[in-house]
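Work through the following exercises with the sequence and the coordinates at hand. Each task is followed by a stepwise solution.

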Amino acid sequence: MILTIAWRNIWRNKRRSFVLIITIAIGSFAILGTQAFVNAFERQMVNGSLDFQTASVEIAAPGFRTQPSIDSFIEQGDALESELKAKIGLKWSPRVLLQGMASSPESATAAQIYGVVPERERSVSLIADKIIEGTFLTQEGQVVIGVDMADHLDLRLGEKMVLMVSGLSKDINANAFRIIGIFQSGYQDVDKMRVYVSRHDAARLAEYDQQLNMVAIKLDDPAQAEPLANQLALSTPGCEVLHWRQLNPFLVVSLESFKYNVWIFGGIMLTAIAFSIINIFLMVIFERVREIGITLALGAPPRVIRAMLIWETLFVGLLGCFVGSVTAFAFIHPLTTGGLDLSIVSEGLGRFGISPIIHPFVTTSDQVLAVLMTLGMSVLASLYPAIKASRFQVVDAIHFQ
Amino acid sequence: MPIVLANQLTKIYREKDAVPVHALDSVSLEIEPGEFTALVGPSGSGKTTLLNIIGGLDTPTEGSVEVDGKNLGTLNKRELAAFRLHHLGFVFQAYNLVPVLTAEENVAFTLLLRGVDKQKRQNMVRDELEALGIEKELHRRRPHKLSGGQQQRVAVARATVGEPKLILADEPTANLDSTTGKRLLDKMKSMNEQKGITFIFSTHDPLVMERANRIVHLRDGKIIEDKRP
């Protein structure tokens, strides 16, 4: 009967309850909406990072990541490749990575030269899918460059460019390559600095034989990167095996900061809701002083009064959460499937590794958490009016006019 | 043993910047089980204050009150609530039914608080409402769809359904026309006679005084007359 009273009490002042339900719904919607965008940004950042920046797991010579010197290489590259080939289903790509210079007749710029085996590189990176002109590497003597580098060097598809590298002998080695493809990843650093040539071309520039600088490994589930890295570290002594969280600490910090922002925003929304609830329920108990007094006079213990008001808040909270969740679903679902084009701010987003089209989404656990947090805050907010009501002096309350 | 034993009850209301008001001044009173008592007197004579203290709704400034052998001054707030629930029934002037509950739910409310099981509760509620002449089709109506007389009968049913030993009624007929008031008082009188429930009324109503077997007259917080007609 306590629940019955609580439920029916909601509908005694429909307008007021409606306002409170809408307030909670807006808060719930805002929390879910924010979470959806943060999820999208996070996923985009992680996937983008793993598709274009670092791999899920990278095996490199010790210190290569911090000091990518030409002298820092995996000596037994062929042995490592044989070992990885034995791991059926693992997507990996051997790379010769060089720091050098790219130049055209017009200009020159610093370049990160990726010497790759095209078929293998396709399995760990989406660069080949981001070719906007031409194709990915098909043979030696070709180069694929980013759109920003092409603009900077004023180069077109089919034209030649020169890559220069200081080789193992410290001599400057240079070679001309024909541009077979131009890619646009959406990541400014990648589009501006990275070039792809065949592994053999890169090895020639570096004066390598079977040496490698790195093996990139791609996993479908980024969460599995750390266990795999630990496992590979044991089987590849003398190499440094790092997973993406170690390779991209900036990304990890950004992800953490996104989480904190959601918590802060959620906290502000929930606090606003809490004050609305406190305010409205203080009005409610003021209107029901006499009724509460009579209930206490009849012998209801104070906890019954508290329970009635808390349940009333819970019901209002549930209705608000339901309305907020349904509205959020109706708003977010089309964006989840269709995506949202943020190209108007894509330049800024690119710095954070976010592609201009994002797909906001919420998980079941996000929804459950948002509902629980909203309901929890509603109950907390209702405690003050509920306790106040349960402490009414009976004799004063029953004669309240 | 008296069901109510009030000993030297004094109640002084002190408000800031105001002269203290002696609502009760050393009132002593014994009520025997089964009495149908009317506390009468002009407004401000202390009737309602005395009723509130006997009902454990208010505390005396001085003196003590025992109800059914229990000294109410020794009970804390929670114990007082439990005592009221199990030993007392209240009828108020303005009916004061819970507006969101139906007639039968209002009557069942105190039984629910007592932990009476559903089936027994339903039977007790139905019997009580019928005993007070509330037709079955009214049982599921909310208070605003009942007349004043019907609401007050439901309020009496709420007070009597748990068969308390003592019912305290504060001006129960004040808002009723004389015919309805008479009918209600007859029902209460018959409960008093048949079930032995003790009734104490605070009232101005001659209809109550006609039926009372004891009339306690108060003025200025003192008992000036206590007669058994």
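The exercises below treat helix packing, a surface patch and salt bridges.

This is a predicted model, in which local features need pLDDT of at least 70, side-chain atom pairs count only at pLDDT 80 or more, and totals for chains, interfaces and linings use all residues. Residues are numbered from 1 along each chain as its sequence is written, chains are lettered from A, and side-chain values use heavy atoms, without hydrogens and water.

**Exercise 1.** Describe the packing of α2(A) and α14(A).

Step 1. Helices are DSSP runs (H or I, at least four residues). Helix α2 of chain A covers residues 14-53, and helix α14 of chain A covers residues 364-390.

Step 2. With axes fitted to C-alpha atoms over the stretch in contact and angles running from 0 to 180 degrees between N-to-C directions, the angle is about 145° and the axes lie 10 Å apart.

**Exercise 2.** Which elements give two or more residues to the nonpolar patch?

Step 1. F18(A), I22(A), I26(A), F322(A), V323(A) and V326(A) make a nonpolar surface patch of about 560 Å². Patch residues have over 30% relative accessible area (Shrake-Rupley, 1.4 Å probe) and no salt bridge, with nonpolar side chains joined within 5 Å.

Step 2. The elements are α2 and α12 (302-338) of chain A.

**Exercise 3.** Locate the salt bridge of R8(A) and E105(B).

Step 1. A salt bridge places a side-chain nitrogen of Lys or Arg within 4 Å of a carboxyl oxygen of Asp or Glu; here the N to O distance is 2.5 Å.

Step 2. The pair joins two chains, because R8(A) lies in helix α1 of chain A and E105(B) in helix α3 of chain B.

Methods
Patches are made of residues with over 30% relative accessible area and no salt bridge: like charges are joined within 9 Å, nonpolar side chains (Val, Leu, Ile, Met, Phe, Trp, Tyr) within 5 Å.
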